[in-house]
Amino acid sequence: ATHEETLGFQTEVKQLLNLMINSLYSNREIFLRELISNGADACDKLRYAALDNDALYEGDSELRIEIEHDTEAGTVTVRDNGIGMDRDDVIANLGTIARSGTAEFLNQLSGEQQKDAKLIGQFGVGFYSGFIVADEVTVRTRKAGTAADAAVEWHSKGEGEFTVADIERDKHGTEIVLHLKEDAKEFADDFRLQNLVRKYSDHIEVPVRMPKTETAKDDEGNEIEGSEVTTWETVNEATALWVRPKSEISDDEYKAFYKHVAHDFTDPLTWSHNKVEGKLEYTSLLYVPSRAPFDLYERDGSRGVKLYVQRVFIMDDAEQFLPLYLRFIKGVLDTRDLSLNVSREILQQDPKVDKIKSALTKRALDMLKKLAKDNEQYQTFWNNFGSVLKEGSGEDVANREKIAGLLRFSTTHTDSTTQDQSLAEYVERMKEGQQKIYYIVAESFNAAKNSPHLEIFRKKGIEVLLLNDRVDEWLMSHLTEFDGKAFADVAKGELDLGDVEDEEEKKAQEETAKAKEDLVKRVQEALGDGVQEVKVTHRLTDSPACVVLPEHEMGFQMRRIMEAAGQ
Ligand code: ADP
Ligand code: MG
């Protein structure tokens, strides 16, 4: 090996390695899933790159993953003939974590094993998971299409630094050798490895093979020395999961596939698998994760589906097929309607993309509607993604009604911070004569709940939605009606309780207003230009006074956002 250099892991990697090794001990078999998953991704990438450059296969177009072990040496090797990496790739990919949200993630760690294991799970451990079972890892890799002497060897004990050196390798692709820790030697076993491959990687289209050595026997049943023949056996199912008929796929297979596609550790909440034939021809498999990823609110966070054209992988994170407010949906789209050399630029212009997008949007919303039948599961969804879905009522006019049906709120009905009340439930509880859906937006739940604006509503037993998410004012500026009922902000404009008030009450109010004209005048003079108008109100039952915004004025929350943005 030449041109050897020793480099330090990025601090984040060191932290991740420490944590992973300590907290994922009881789940350490997942290292194999992660390495196979990477091998499969690498094969997908090579097939894609080879679409317009066959030579990249270097005469070996049968993409595959091979797993070998050596019980005596205590090693497990995972090898692929995928795209491979050059020196720069190796340093960038196996020395740093280039994901957005990494710092946040690390900040959330508590040092408590179980909690941290869960968090790491969400974050995804990927390549570094090899160090859960190995005290030494060697990677030999060469990028497809480069010269034999452009290969690289990466080596590390997972303790803060790694070395990279130039080597020769006649095959392209990547080979990872794990030198198992004393207490992890059990993995250097045929049976164990086979089971793990079936458990975690059945759904991967690339064949995962293991060697099988057979020895011929003589007439007396004794092994004939030197007669060993090794054949490679495919261990996994090796068909793309989404291609198989739904009826033949078990829940566990759907879940395992999700983990590969979404690079997530936790099971998804639900999924929807559909084959469409006719004008458009595509298969989609969409998932709702059970956890928000760390980059959900990052501008450059990963989103979108994994795109295949006629089973050939084209790209990750194809974001053109789902609207922004459904960016938490993960999955696969495989279509015949696009050409194999489609690019991100082409996707932006192709009208077929828009058609598939609206079809997938509908699928995703239907999937959520179905999920909503299970209160507990839907609550998990809502707690994680509710505020993202809310963006949809402004973004997607065509589906506004559908989205409105999926919203959940805190209301005065429960006075709980848990947002679990639907608009349909609100409407059902509306008072006789009540025409509007009332809401209040404040900067915190308590501010909303304790607002003096609610006094009259509480007195009359009229329910009010309590809103305090960042997006709520935006939401309410787009959500104009539900089930034919308009929304009304209790803190704005004239208070109109519709027919809930009777004539007598109205009369009494008018009389009070008259009797208090003098007081109003004095207050008005005292406040001067600080206010637009002073009025007698029947909004309040306990508080003496409150500030009300004119009907069409920008709300408090929106103002604060504008101010923060320097406007
Ligand atoms: P992820 O798969 O989520 O991107 P990993 O930690 O598993 O994260 O891998 C990091 C990166 O290292 C991959 O994105 C890929 O670029 C590179 N990589 C890992 N394994 C391989 C491999 N077998 N062949 C080519 N590249 C690989
Ligand atoms: Mg990976």
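A residue counts as buried if 20 or more other C-beta atoms lie within 10 Å of its own C-beta atom, as exposed if 12 or fewer do, and as partly exposed in between. The views below all show a predicted model.

**View 1. Val152, a buried residue of strand E5.** Val152 is found in strand E5, which runs over residues 151-156. Because 26 other C-beta atoms lie within 10 Å of its own, and the cut-off is 20 or more, Val152 is classed as buried. Leaving out residues up to four places away in sequence, Val152 touches Met85, Asp86, Arg87 and Val90, together with Thr141, Val164, Asp166 and Ile167. Glu168, which is 16 residues from Val152 in sequence, has its C-alpha atom 7.6 Å from that of Val152.

**View 2. The whole chain, as a setting for the close-ups.** The chain contains 20 helices and 19 strands, and its C-alpha atoms fill a box of roughly 115 × 55 × 45 Å along the principal axes. Its radius of gyration is 31 Å, whereas a compact globule of 567 residues would have a value near 24 Å. Buried residues account for 34% of the 567 residues. Of the contacts between residues at least 6 apart in sequence, 71% join residues that are at least 24 apart.

**View 3. The largest nonpolar core, with Val464 among the residues that have the most contacts inside it.** This core has 124 residues, and those with the most contacts inside it are Met20, Ile36, Tyr438, Tyr439, Ile440, Val464 and Val490. Helix H2, residues 30-50, gives the most to this core, with 8 residues. When neighbours within four places in sequence are left aside, Val464 is in contact with Tyr438, Tyr439, Ile440 and Val490, and also with Thr411, Thr412, Leu454 and Phe457. In soluble globular proteins, nonpolar side chains tend to be buried together.

**View 4. Helix H2 and the shell around ligand 1.** Helix H2 has 21 residues and reaches 30 Å from its first C-alpha to its last, close to the 30 Å expected at 1.5 Å a residue. The helix is mostly covered, with 15 of its 21 residues buried. Ligand 1 is surrounded by 15 residues, of which the closest are Asn38, Ala42, Asn93, Gly126 and Phe127. H2 gives the most to this shell, with 4 residues. By residue class, the shell around ligand 1 divides into 4 nonpolar, 9 polar and 2 charged residues.

**View 5. Helices H1 and H18, shown for their length and cover.** Helix H1, residues 11-23, has 13 residues and reaches 18 Å from its first C-alpha to its last, close to the 18 Å expected at 1.5 Å a residue. The buried residues of H1 are Val13, Leu16, Leu17, Leu19, Met20 and Ser23. Helix H18, residues 503-515, also has 13 residues and reaches 19 Å, close to the expected 18 Å. H18 is hardly covered, since the count of buried residues among its 13 residues is 0.

**View 6. Val353 in helix H10 and Gln194 in helix H7.** Val353 is found in helix H10, residues 351-371, and is partly exposed because 19 other C-beta atoms lie within 10 Å. Apart from neighbours within four places in sequence, Val353 is in contact with Gln320, Phe321 and Leu347. Leu322 is 31 residues from Val353 in sequence and 9.8 Å from it in space, C-alpha to C-alpha. Gln194 lies in helix H7, residues 190-201, and is partly exposed because 16 other C-beta atoms lie within 10 Å. Gln194 touches Met210 and Val235 when residues up to four places away in sequence are not counted. The C-alpha atoms of Gln194 and Ile67 are separated by 9.3 Å, although these residues are 127 apart along the chain.

**View 7. Arg311 and Asp317, two residues other than glycine with positive phi.** Most residues other than glycine have a negative phi. Phi of Arg311 is near 75°, and this residue lies in the loop between strand E12 (305-309) and strand E13 (312-318). Arg311 is partly exposed, with 14 other C-beta atoms within 10 Å. Phi of Asp317 is near 50°, and the place of Asp317 is in strand E13. Asp317 counts as partly exposed because it has 14 C-beta neighbours inside 10 Å.

Notes:
Residues numbered from 1 in each chain as written. Chains lettered and ligands numbered in written order. Predicted model: local features only at pLDDT ≥ 70, side-chain atom pairs only at ≥ 80, totals over all residues. Helix = DSSP H or I, 4+ residues; strand = E, 2+ residues; numbered from the N terminus. Rg over C-alpha atoms; globule rule 2.2 N^0.38 Å. Contact = placed C-beta atoms within 7 Å. Core = buried A, V, L, I, M, F, W, Y, C linked by C-beta atoms within 7 Å. Near = placed C-beta within 6 Å. Nonpolar A, V, L, I, M, F, W, Y, C, P; charged D, E, K, R; others polar. Expected span 1.5 Å × (residues − 1).
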